[in-house]
Amino acid sequence: MNKKKEQELVCLTEQCLKRYWEKDCEVMLSYCTDDILWTGAEQKEYIMGIEAVRKNFTELMNVIQPCIISNGEFIVVQNTGNACTVSGRYLVETLPEADYFLQAEQRCTFVWERINDEPRIRHMHVSNPIGEMKLVEGSRFVNEMGRMAKKYMDEKIHTINRKKIVVEGINGKVFFINESQILYVEAKLRNCDIFMQNGEVIHGKMSFADFEKSLDEYFVKVHRSYIVNIQHVTVIRFCELVMSNGRVIPVPQKKYAKVREELMRRHI
């Protein structure tokens, strides 16, 4: 399979997932072979055959909320001529008007085959990282949204009540900053840069260590040069974090396990 056809399958994979989370599963189903194998995030989702998969998808469409996917990374991991395997990871997030809040990373693998020169899906596998969402035995993925919604609202209330801090800028200006609006802080020689949710960068006339002391429990030092607001961390992956603005923050390998454990503990 040439590079052009490889790229076509990468784009089709992302498009199928995008439409699925918009509650239109027919696009994905239209590419499936009759003997498709679907392996999903839920325990029972090891399903073979197009009709059984269609039934499962239809049930899910009745209970999930419309979502968008972002930060997608899709690559071809195998190309054997007539078959091609596409793997990827992406962030799923509910729309603002949804009844609950969901933000989770998913991984996927799609095995494509060209049949009569048309792309068809032989196997689909979608999963969530271990520990990202702990399901109560017997519950379904979508039924954990109530717990997440409560957590989300608790955090929103806490955000409203969080203190403001006073920061003197290197240009002489004085800033009154709501802590909840800080994404992360980066050390800059004897000063620090404060990256805000609105895209503004405040160049603070304050040492990194002193600024760390002024922050509340929602901030974690993940690197000798970075402090992050855990409420704006969207993805945790090996030796790095992804913030809500897309910025990737490095985590030292020796510190990664401890940082990951700390972030997971505070998010639960």
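Glu179 is located in the loop between S8 and strand S9 (182–188), strands (E, at least two residues) and helices (H or I, at least four residues) being DSSP runs numbered from the N terminus. The model is predicted, so local features need pLDDT of at least 70 and side-chain atom pairs count only at pLDDT 80 or more, while totals for chains, interfaces and linings use all residues. Residues are numbered from 1 along each chain as its sequence is written, and side-chain values use heavy atoms, with hydrogens and water left out.

With a relative accessible area of 0%, Glu179 is buried; buried means under 20% relative accessible area, exposed over 50%, and partly exposed in between (1.4 Å probe, protein chains only). The side chain of Glu179 reaches the backbone nitrogen of Asp216 at 3.3 Å. Glu179 and Ile165 are separated by 14 residues in sequence and by 6.9 Å in space, C-alpha to C-alpha.

In the protein as a whole, the secondary structure comprises six helices and 16 strands. Of the 268 residues, 45% are buried. Contacts (heavy atoms within 4.5 Å) were also examined by sequence separation: among those between residues at least 6 apart in sequence, 49% join residues at least 24 apart. The protein exposes about 14600 Å², of which carbon and sulfur atoms supply 52%; accessible areas come from the Shrake-Rupley method with a 1.4 Å probe, and for residues only the protein chains shown count as cover.

Strand S8 (residues 174–178) contains Phe176, which counts as exposed at 60% relative accessibility. Together with Val166 and Val174, Phe176 forms a nonpolar patch on the surface, with about 310 Å² of accessible area in total. Patches are made of residues with over 30% relative accessible area and no salt bridge, like charges being joined within 9 Å and nonpolar side chains (Val, Leu, Ile, Met, Phe, Trp, Tyr) within 5 Å.

Aromatic pairs were defined for rings of Phe, Tyr and Trp (its six-membered ring) with centres within 6.5 Å; planes under 30 degrees apart count as stacked, over 60 as edge-to-face and the rest as tilted. Tyr20 and Trp21 make an edge-to-face pair, at 5.6 Å centre to centre and with 85° between the planes. Tyr20 is buried at 8% relative accessibility, and Trp21 is buried with a relative accessible area of 8%. Phe110 and Trp112 make a stacked pair, at 6.4 Å centre to centre and with 25° between the planes. Phe110 is buried at 0%, and Trp112 is buried at 0%. One aromatic cluster is formed by Tyr20, Trp21, Trp38 and Phe57.

Side chains of opposite charge can pair when their charged atoms come close. A search of the whole structure finds 14 salt bridges, each a side-chain nitrogen of Lys or Arg within 4 Å of a carboxyl oxygen of Asp or Glu. One of them joins Arg114 and Glu8, with the closest N and O atoms 3.6 Å apart. This pair links distant parts of the chain, as Arg114 is in strand S5 (residues 103–115) and Glu8 in helix H1 (residues 3–21), 106 residues apart. Arg114 is buried at 10% relative accessibility, whereas Glu8 is partly exposed at 33%. A network of salt bridges links Lys5, Glu8, Arg114 and Asp117. In the salt bridge between Glu240 and Arg237, the closest N and O atoms are 2.4 Å apart; Glu240 is partly exposed at 22% and Arg237 is buried at 13%.

Definitions and conventions
A polar contact is a pair of N or O atoms within 3.5 Å; within protein, one must be able to donate a hydrogen and the other to accept it, and residues adjacent in sequence count only if both atoms are side-chain atoms.
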